[in-house]
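Good morning, and thank you for coming.

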Amino acid sequence: MPWQRLRISRFGGPEVLQMAEEPTIPEPGPGEVRIKVLAAGTGFTDTMIRRGRYPDFKGPLPFTPGYEIAGVVEKMGAGVTAPVEGQIVADLCVVGGYAQYAIRPAHFLVPVPDGVEPAEAVCIPLAYLTAFQMLTLYRNLLPGATILVIGASGTVGTALLDLARHLKLKAIGTCSAANLPVIERYGAASIDYRASDFVTSVVRLTVAGPGVDIAFDAIGGAHFGRSFACLAPEGLLVGYGSQTMAVGRESLVAAGLGIARLKLWSAFSFLLGGRRAVFYSITTRRSTHADEFKADMATLFQLLRAGVLHPVVIDRLPLAAASEVHARIDAGGLGGKIVLLPWLA
């Protein structure tokens, strides 16, 4: 029976995403399951992979992109006892999600609770898990602590704001003028980064105690320095990306220097008022803390089911729309997540 998936045969712009029809349904091997993909998340990380600028995946070509999926277990390979056939699961697959079927190692999969829509479930494995771990791994943030989210209208940014509201944290977010309402919807203070210097604005907004307790920055490179300048004494900067490198505005060397600065600031934090910095990578964290990864995702699914979390899904589109979706992501300013539904006619 034929099935469909997207393929990339060369790195480049949105036009490299090509629909392919496969003649036979794939079979799971030992320790694997076949998933009928009900929802595939899209995001900036997918566009980095498409360009060939993502550090954790460089091929080989051809491949099917798609960082995160939610779907139903259709067939179990030898030795698999869980999850069982018919169960809805989610996974952070890095590639392979833009397809009607995916073969995945069973031990990575996390059950999705009954009543959770797949299009919302697929927001959890990358954006919300990244946000949750960055908020909880490095600091015990008490209610009333202040966070700064750079690029707060993006998928990880809105997840940080959503979780901050749940944890009763004060939040400040930067974005373009068009997306200020997205930030304010979460009760956060908003800064149009094009209209004024956001460092000055952060100091003004935190006049009671200048600076924030923790800042999150995925821009990378030289931008880390500006975010570090927003920290209060004993504050922490969490870098989790190098977007300027990914879109070609900075070199790989500049991105590497940005990460080196994070390590340097931590090493000399005693000279910087206790301020320090770390770099978070979700793929690295999962490879070294797989059980923690699954437990955290299960926690987030329970919060989603309880109505505590509110992922912003702005569109649900078929696989054939993937090139259009990537063009929209490249243009920026979406203010939410677009989900591909592989079985949507």
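Predicted model: local features only at pLDDT ≥ 70, side-chain atom pairs only at ≥ 80, totals over all residues.

Is the crossing of α3 and α4 left-handed or right-handed? The crossing of these two helices, α3 and α4, is right-handed.

Let me place the two helices. Helix α3 covers residues 124-136, and helix α4 covers residues 155-166. Two packed helices are described by the angle between their axes and the distance between the axes. For α3 and α4, the angle is about 55° and the axes are 8 Å apart. The two helices, α3 and α4, are therefore oblique to each other.

Which residues of α3 and α4 meet? On the α3 side they are A127, Y128, T130, A131, F132, M134 and L135, and on the α4 side T155, V156, A159, L160, D162, L163 and A164. Sorted by class, the contact of α3 with α4 contains 11 nonpolar, 2 polar and 1 charged residues.

One further residue of helix α3 deserves attention, namely Q133. With a relative accessibility of 0%, Q133 counts as buried. Setting aside residues up to four places away in sequence, Q133 touches Y280, R285, E292, F293 and D296.

I turn now to E68, which is found in strand β4, residues 68-76. Is E68 buried or exposed? Its relative accessible area is 1%, so E68 is buried. A polar atom of the E68 side chain lies 3.1 Å from the backbone nitrogen of L126. Beyond its neighbours within four places in sequence, E68 is in contact with a number of residues, including A39, A40, G41 and T42. Also among the contacts of E68 are D91, C93, V122, C123, P125, L126, A127 and K337.

In α1, the residues F44, D46, T47, R50 and R51 meet H326, I329 and D330 in α12. By class, the contact of α1 with α12 divides into 2 nonpolar, 2 polar and 4 charged residues.

Which side chain makes a polar contact with the side chain of H326? The partner is the side chain of Y98, at 3.0 Å. Y98 is found in the loop between β5 (88-92) and β6 (101-105). Although it sits in a loop, Y98 is buried, with a relative accessible area of 0%. As for its position relative to E32, Y98 is 66 residues away along the chain, and the two C-alpha atoms are separated by 18 Å.

S269 has a relative accessibility of 18%, and the cut-off for buried is under 20%. S269 therefore counts as buried. Not counting residues up to four places away in sequence, S269 touches G274, R275 and R276. From S269 to L17 there are 252 residues in sequence and 45 Å in space, C-alpha to C-alpha.

Finally, I would like to point out some features of the backbone. Most residues other than glycine have a negative phi, and most peptide bonds are trans. Where are the cis peptide bonds that I wish to show you? One runs from G59 to P60, with omega near 10°, and P60 is in the loop between α1 and β4. Another cis peptide bond joins A82 and P83, with omega about 0°. P83 has its place in the loop between β4 and β5.

Two residues other than glycine are to be noted for a positive phi. K168 has a phi near 60°, and E234 has a phi near 70°. K168 is in the loop between α4 and β9 (170-175), whereas E234 is in strand β12, residues 231-239. Is K168 buried or exposed? K168 is exposed, with a relative accessible area of 60%.

That brings me to the end of this presentation, and I thank you for your attention.

Note on methods
Residues numbered from 1 in each chain as written. Heavy atoms only, no water. Axes fitted to C-alpha atoms, helices over the stretch in contact; angles between N-to-C directions. Helix = DSSP H or I, 4+ residues; strand = E, 2+ residues; numbered from the N terminus. Parallel < 35°, antiparallel > 145°, perpendicular 65-115°, else oblique. Left-handed = near helix turned anticlockwise from the far one by under 90°. Contact = heavy atoms within 4.5 Å. Nonpolar A, V, L, I, M, F, W, Y, C, P; charged D, E, K, R; others polar. Buried < 20%, exposed > 50% of the residue type's maximum accessible area, 1.4 Å probe, protein only. Polar contact = N/O pair within 3.5 Å; in protein donor to acceptor, adjacent residues only side chain to side chain.
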